[in-house]
Amino acid sequence: MEKIKIENLSLVFGKNKNKALKLLEMGKNKAEILEATGCTVAVREANLTINEGEIFVVMGLSGSGKSTLIRCINRLINPTKGKVFINNDDITHMNDRELLNIRRKELAMVFQHFGLLPHRTVLSNVAFGQELQGVSKEERELRAMETIELVGLGGYENQKVSELSGGMQQRVGLARGLANKPEVLLMDEAFSALDPLIRSQMQDELLILQEKMKKTIVFITHDLDEAIKLGDRIAIMKDGEIVQVGVSEEIITNPANDYIKSFVENVDRSKIVTAASIMFRKPKVARLKKDGPAGVLRVMREAGVENLPVVRTNRTFLGYVKIEDVVRLKSEGVQTIESIIRENVMSVTSDTTIENMLPLLSKTNLPIPVVNDENHLIGVVWPTSIIAESTGMAKQEINEIIQKAIEL
């Protein structure tokens, strides 16, 4: 179910916005529009759908428009063109009163530099938003304490935030954002000011919290590793334009252009790419009870392979047969392959990463079977594919190395 929808949204800074928009429609780039009009295109024809309960990460380098886009979602900045829908309500045409109500009930924002009140206690900071809404002291402090406990700050509620570390201050900011029980949490570079170790810990804690909260989170970052770790889906921006949207594996294995390709080239693919991306989906198989040695041998020769996975008629995976065993059975006149099935074969599921498949290569030279929850064969992963993805080498190059090793 979609929670946020952005349609044809553009944001232009400058006096000659109408001319800039016309040039946008003509396909002119950011630099050309700046030169012709003196206007800066901050966001260009953005279209996004963000689903309920997902962590949606928007990433890009400085000046890409990512932080500007998130401010259009809660209308801290009014877009020049386009619409933003929250729960199918178009907020771009809401009056101030309607917008204030949406911000109080639907949206909360967590900033990079916390925005806390240093002279107040943790409890007072977390309850501050509800204080502005006129909620009674007893009720707002009760709700504030719930979120303080949720983010792991129980016992620190009476400390002044100026006395806390950066990581703890970020927890206070997160607790304040959660105190109003918003449906959508907007996080703009929320962890960027933290030291690397604390930042990693906050990422872990956010994921743990999300398991409990199931909020819709829009997270802004310039760090690809952070985006991959946190994001259910990722949008990458450049010069105000959304260049690609997808899950991390899709972006890494199928970059939309050279810009995205350069962005992801140093990512450790083995931790992200799964069997689903590299498996051969329609492998030849031997069918128990239906295929005898002669038929299996014919399939092997046609496919140019020396082993075949064996399945029942419903595709339940049983094991492998090897060509030398099939030839022996044929010569002996045996009509079934059941006696030569090698059942001690390790299989994986489609979401198994390359990192977790690599150890299997030292234990088998067979293609690795990929099965579903019912143990039905859905594909096989060739060892050369695993090596190619983990090393960046071409499969042909790997085959040549293997052939030379065999000849030696």
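Two strands count as paired if DSSP finds at least two bridges between them. Keep that in mind for this tour of a predicted model.

Stop 1: Select β1, residues 2–13, and β4, residues 81–86. These strands run antiparallel to each other, paired over 5 bridges. Now pick Lys 5. Its bridge partner in β4 is Phe 85.

**Stop 2: the whole sheet.** The open sheet has 4 strands in the order β2-β1-β4-β5, and the pairing is antiparallel. Look at the edges: β2 (40–51) and β5 (89–90) each have a single partner strand, so one side of each lacks a neighbour in the sheet.

**Stop 3: helices on the sheet.** Show α1, residues 17–25. This helix packs on the sheet and touches β1, β2 and β4. Its direction makes about 115 degrees with that of β1. Next, show α3, residues 66–73. Helix α3 lies across β1, β2 and β4 and runs at about 120 degrees to β1.

**Stop 4: helix against helix.** Is the crossing left-handed or right-handed? The crossing of α1 and α2 is right-handed.

Display the side chains at this contact. From α1, select Lys 19, Ala 20, Leu 23 and Leu 24. From α2, select Ile 33, Ala 36 and Thr 37. How do the residues of this contact divide into nonpolar, polar and charged? There are 5 nonpolar, 1 polar and 1 charged.

Terms used:
Residues are numbered from 1 along each chain as its sequence is written. This is a predicted model: local features need pLDDT of at least 70, side-chain atom pairs count only at pLDDT 80 or more; totals for chains, interfaces and linings use all residues. Side-chain values use heavy atoms; hydrogens and water are left out. Helices (H or I, at least four residues) and strands (E, at least two) are DSSP runs, numbered from the N terminus. Contact means heavy atoms within 4.5 Å. Axes are lines fitted to C-alpha atoms, for helices over the stretch in contact, and angles run from 0 to 180 degrees between N-to-C directions. A crossing is left-handed if the near helix is turned anticlockwise from the far one by less than a right angle, and right-handed if clockwise. Ala, Val, Leu, Ile, Met, Phe, Trp, Tyr, Cys and Pro count as nonpolar, Asp, Glu, Lys and Arg as charged, and the others, Gly among them, as polar.
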